[in-house]
Amino acid sequence: MDAIVKNFPQNSRDSNRPSQKEAEDAVRTLLRWAGEDPAREGLLDTPSRVAKAYRELFAGYDMDAEDVLGRTFEEVAGYDDMVLVKDIPFFSHCEHHMVPIIGKAHVAYMPDGKVLGLSKIARVVEIFGRRLQTQETMTAQIAKSIDETLRPRGVAVMIEAEHMCMAMRGVQKQGSTTLTTTFTGTFKSEPADQARFMSMVRGR
């Protein structure tokens with residue numbers, strides 16, 4: 001395949017990011033607020049572990065979807081039908097309570113002369129998932145990034161997820177699932193394409 005590589009400008013990084021020590025001190029404060037003793041043997045290394053875990057859990061802030069999507073392929077032998085990657089697992093965090101969102105994403109697009117490497121779609125889900133999120137925003141971000149970079153004839157995104165802010169606190173309704181969708185281009189204008197996407201996603 002002939003690959004097209006686009007170079008996108010890097011997003012500016014936050015120069016005011018706290019240091020590792022400041023992050024660890026913040027964890028110690030939270031431990032004391034919760035009623036714990038940060039000096040207890042079992043908690044001595046917890047601030048360091050939490051800070052390192054947060055760096056991994058929120059690694060999406062250090063990555064750009066445009067960089068991931070910048071490599072496309074034009075040699076597709078005339079293929080112009082739906083490309084669907086479904087059941088992409090992800091873990092995110094609710095921006096309101098900073099507790100987990102656990103779910104899966106289904107992403108499809110209609111090519112217009114070029115395609116993405118399939119792993120790139122999963123990578124985009126990962127990038128937006130590893131940020132503080134609302135499910136609605138994440139759904140729209142995935143669709144917009146693929147739509148603006150690849151310029152396909154249409155993009156469809158469905159996310160199904162369980163929110164721990166509903167399961168662990170508040171109404172405490174375990175097992176409830178939230179479903180969100182975003183459609184662009186032909187998926188939005190052609191009911192048949194939208195219906196076929198939904199059917200393919202559900203046809204497990």
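Let's start with Val155, which is buried because its relative accessible area is 0%; buried means under 20% relative accessible area, exposed means over 50%, and partly exposed is in between, using a 1.4 Å probe and protein chains only. Before I go on, this is a predicted model, where local features need pLDDT of at least 70 and side-chain atom pairs count only at pLDDT 80 or more, while totals for chains, interfaces and linings use all residues. Residues are numbered from 1 along each chain as its sequence is written, and side-chain values use heavy atoms, with hydrogens and water left out.

Back to Val155, then. You'll find Val155 in strand S7, residues 154-163. Helices (H or I, at least four residues) and strands (E, at least two) are DSSP runs, numbered from the N terminus. And what is Val155 in contact with, leaving aside its neighbours within four places in sequence? The list is Ala108, Tyr109, Ala143, Ile146, Asp147, Thr182, Phe183, Thr184 and Phe187, where contact means heavy atoms within 4.5 Å. Arg123 sits 32 residues from Val155 in sequence, and their C-alpha atoms are 16 Å apart in space.

Okay, zooming out. The protein has eight helices and eight strands, and of its 204 residues, 40% are buried. Its C-alpha atoms fill a box of roughly 65 × 40 × 25 Å along the principal axes. If you take contacts between residues at least 6 apart in sequence, 71% of them join residues at least 24 apart.

Now look at helix H4. H4 has twelve residues and reaches 17 Å from first C-alpha to last, close to the expected 16 Å; that expected span is 1.5 Å times one less than the number of residues. Its buried residues are Ile121, Val124, Val125, Ile127, Phe128 and Gly129. They pack against helix H3 (65-68), S3, S4, strand S5 (115-116), strand S6 (132-133) and H5.

Let's stay with that last partner. H4 (residues 118-129) and H5 (residues 135-150) pack at an angle of about 140 degrees, their axes 10 Å apart. Axes here are lines fitted to C-alpha atoms, for helices over the stretch in contact, and angles run from 0 to 180 degrees between N-to-C directions. So H4 and H5 are oblique to each other: under 35 degrees counts as roughly parallel, over 145 as roughly antiparallel, 65 to 115 as roughly perpendicular, and the rest as oblique. On the H4 side the contact is made by Val124, Val125, Phe128 and Gly129, and on the H5 side by Met138, Gln141, Ile142 and Ser145. Sorted by class, that's five nonpolar, three polar and no charged residues. For the classes, Ala, Val, Leu, Ile, Met, Phe, Trp, Tyr, Cys and Pro count as nonpolar, Asp, Glu, Lys and Arg as charged, and the others, Gly among them, as polar.

Last stop, two loop residues. Most residues other than glycine have a negative phi. Ala77, though not a glycine, has a positive phi of about 55 degrees. Ala77 is in the loop between strand S2 (71-73) and strand S3 (83-94). Is Ala77 buried or exposed? Ala77 counts as exposed, because its relative accessibility is 85%. Met98 isn't a glycine either, and has a positive phi of about 60 degrees. Met98 is in the loop between S3 and strand S4 (100-110), and counts as partly exposed because its relative accessibility is 38%.
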